[in-house]
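Please keep the sequence and the 3D view at hand while reading.

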Amino acid sequence: MKNSVESREEDANVSSSFSRLPDEIILQILNKLIDLKTLCFCYLVSKHLSSIVLQIEAISFTAPLLNLNPRISDKNTVSDVSPSQSFLSAHTFLSKFKGVKFLWIELPSSSHRDIDDRLLFRWKAKFCCRMKSFIFLSPHSIFDKDGFCINGNEEEEEEEDNELRNDMFNQKLVVSFQCFRDSMVWHSILLYLVKDLPKLEKVSITELGRRGKLSLSGEKLIEVKEWVQHSASEAVMTHLELPTKISNGYISVLKLPVSGYVMKGIYFCVMKMKDLEGGNDGVMNNEDASADKEEAVYNEAVMEILEKHTT
């Protein structure tokens, strides 16, 4: 009993010492935390501290892996393909941060339970107020400019028969549509975040395996802000638009002239909305200057495929 009393007294002393700090110093400390879960704990400490927590400018949130089974119904709305309950709860708390400027979110793929960890793939989407296009790229193996296999398995590719190759093609086809579905849901999430958080300057949603990403900043974010605040209805923001043109195929060997890398056994899928039917102009965004080396290789492969293997 005595230890319990002493512990409470120590906690009270620490809390009292912290409360004597100027609000500006407390805010500087909180701005270093950024993790939403940690900020939530701080928010619950006291009314005074909660008012300071809501003034921070940068937040990061990572949703845990859950056994989800989303599906697209005939209505094609976000509620039919909902993200994890943990994110929905997080969004309720996030909406309180009216002054936040930078937001980074990591979400699991809705199909993460069904995806083989050895499967190589990346996806990219072009969008603004509406989704415009989506491209999925999945090589069997990747070789650097010196001929070393840096990802995948060269021997398995050589030994696969046609039946196994067809099975892999079908698996990747299914995964590409699952990723497209995720991109549409995440796009709707971005729209709601922009609507709820008026001071946002940059927001991104990244797949936990870093195989796909949607982000808004700069002029594109300004355009989306204007649209969601003055033109977009609830029905439009929750509508999941389906592609009107789909192109997919298989490339046995793709040589990348800029990096010198080589990809083998590539499955690709390009989906376009009605506004982009016709050609490939505008299918890819070329604005991600922060791409790492592997991401740059995938980007180069995407450009090669769009220029030489699709119409």
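In this predicted model, strand β1 and strand β2, the latter spanning residues 102–107, run parallel to each other and are joined by five bridges. Within this pairing, serine 60 has tryptophan 104 of β2 as its opposite residue.

The two strands belong to an open sheet of four strands, arranged in the order β1-β2-β7-β8 with mixed pairing. Helix α8 lies across β7 and β8, and makes an angle of about 85 degrees with β8.

The elements named here and their residue ranges include the following.

| Element | Residues |
|---|---|
| Strand β2 | residues 102–107 |
| Strand β7 | residues 202–207 |
| Helix α8 | residues 218–230 |
| Helix α7 | residues 162–196 |

Turning to the packing, the largest nonpolar core comprises 61 residues, and Ile59, Leu103, Trp123 and Phe136 have the most contacts inside it. Helix α7 supplies twelve residues, the largest share of this core. In soluble globular proteins, nonpolar side chains tend to be buried together. When neighbours within four places in sequence are set aside, leucine 103 is in contact with Ile59, Leu94, Leu193, Leu197, Leu200, Lys202, Val203 and Ser204. Another core, of 18 residues, lies apart from the largest one, and among its members are Ile142, Met263, Ile266 and Tyr298.

Note on methods. Residues numbered from 1 in each chain as written. Predicted model: local features only at pLDDT ≥ 70, side-chain atom pairs only at ≥ 80, totals over all residues. Heavy atoms only, no water. Pairing = 2+ DSSP bridges. Contact = heavy atoms within 4.5 Å. Axes fitted to C-alpha atoms, helices over the stretch in contact; angles between N-to-C directions. Core = buried A, V, L, I, M, F, W, Y, C linked by side-chain atoms within 4.5 Å. Buried < 20%, exposed > 50% of the residue type's maximum accessible area, 1.4 Å probe, protein only.
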